[in-house]
Amino acid sequence: WSTYYTKWVSMDGAAKVLVGNQHFVFYPMMALARFNLYVQSWIQLFSKERLHYRKVEICAMTVYCCWVVKLATSMPTWLEVLGWLLTSHAVAGILHVQIVISHWAMHTYHGHAYNDETDDWYITQLKTTMNVDTFPMLDFVHIGLQFQIEHHLYPRLPRHNLRKAKDLVMDVCKKHDIHYHEPGFFQANIETIRALYRTALIAKQSNKGSHGFYESALWDGMLLAAEPPCVPCPAPGAWTRFQPPPQGEQWAA
């Protein structure tokens, strides 16, 4: 169950292949991730969800898309158009790498958090997020994405104050003996790839009905269509199958 999308999200065979090799496809996907953001942005803007400044956002997105199309089509050949789009978005993909390495290599909660003082809200932000150690003069490159701990603790804090907040948070962690994780950019990438690899091994070993990695509604529908028709049971309104499902479980609906 996705609390973000408020719906059940199942992984099918294609997802199993991608997740099973995610440590290989990670960087290519980050290079193309901005195209996915375009699609998600338009879906969000035309959804029924209540949004602030919907019309302003639609106008801004329209102007941006027109500008990108105009700039891309100014290239002499279609090959250069494609090359420019892929190169420019791949360079911007570095920021996607920057933000995900602060999350994917850290702890995740299965169930409910905030049970006692060992995983209260403040501690949870430090367990599930890490910062990336960078030089202050490069803050304009990372645009504050390297301070994810402070961003999670104070979501509305302006990014130009995140480095100052970092010093204060580190003092609190030092005082209470709380681990503050802040590797360098390359070490953070290594930790992320290792985490992706561990998850990929689980995905590769999963079977239908296990781990939640291999569930396909299309495949279930094809099996249902291939089974013999149902006949009424003695109980009014109940139906049973001539044959058990592929996994050998007898059931009636």
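This report describes the fold, the helix packing and several individual residues of one predicted protein model.

## Overall composition

The predicted protein contains 10 helices and two strands. Read from the N terminus, the order of its elements is α-α-α-α-α-α-α-α-α-α-β-β.

Of the 253 residues in the protein, 28% are buried. The protein exposes about 17,900 Å², and carbon and sulfur atoms supply 66% of that area. Among the contacts with a separation of 6 or more, 52% are made by residues 24 or more positions apart.

## Helix 1 against helix 2

Helix 1 covers residues 13-20, and helix 2 covers residues 22-45. Their axes come within 6 Å and cross at roughly 90°. An angle from 65 to 115 degrees counts as roughly perpendicular, and helix 1 and helix 2 are therefore described as roughly perpendicular to each other.

The residues that meet can be named on each side. Helix 1 contributes L18, V19 and G20, while helix 2 contributes Q22, H23 and V25.

## Helix 3 against helix 4

Helix 3 comprises residues 54-73. Its partner here, helix 4, comprises residues 78-100, and the axes of helix 3 and helix 4 come within 9 Å and cross at roughly 135°.

On the side of helix 3, the residues in contact are V68, L71, A72 and T73. They meet V81, W84 and L85 of helix 4.

## Helix 5 and its cover

Helix 5 spans residues 121-128. Its buried residues include I123, T124, Q125, L126 and T128. Helix 7, at residues 148-153, and helix 8 are among the elements that cover the buried residues of helix 5.

Is K166 buried or exposed? K166 is buried, because its relative accessible area is 8% and buried means under 20%.

Which residues is K166 in contact with, leaving aside its neighbours within four places in sequence? The contacts of K166 are with N131, D133, F147, E150, Y180 and E182.

## A nonpolar patch on the surface

F135, M137, L138, F140 and V141 form a nonpolar patch on the surface of the protein. Together, these residues have about 590 Å² of accessible area.

F135 counts as exposed because its relative accessibility is 60%, and the cut-off for exposed is over 50%.

## Two loop residues with positive phi

Y53 is a residue other than glycine with a positive phi value, near 55°. Y53 is placed in the loop between helix 2 and helix 3. With a relative accessible area of 64%, Y53 is exposed.

D177 is also a residue other than glycine with a positive phi, near 55°. This aspartate, D177, is found in the loop between helix 8 and helix 9, where helix 9 covers residues 185-205. At 72% relative accessibility, D177 counts as exposed.

Terms used: Residues numbered from 1 in each chain as written. Predicted model: local features only at pLDDT ≥ 70, side-chain atom pairs only at ≥ 80, totals over all residues. Heavy atoms only, no water. Patch = residues over 30% accessible without salt bridge, like charges linked within 9 Å, V, L, I, M, F, W, Y side chains within 5 Å. Areas by Shrake-Rupley, 256 points an atom, 1.4 Å probe, with all protein chains shown as cover. Salt bridge = Lys/Arg side-chain N within 4 Å of Asp/Glu carboxyl O. Helix = DSSP H or I, 4+ residues; strand = E, 2+ residues; numbered from the N terminus. Buried < 20%, exposed > 50% of the residue type's maximum accessible area, 1.4 Å probe, protein only. Axes fitted to C-alpha atoms, helices over the stretch in contact; angles between N-to-C directions. Parallel < 35°, antiparallel > 145°, perpendicular 65-115°, else oblique. Contact = heavy atoms within 4.5 Å.
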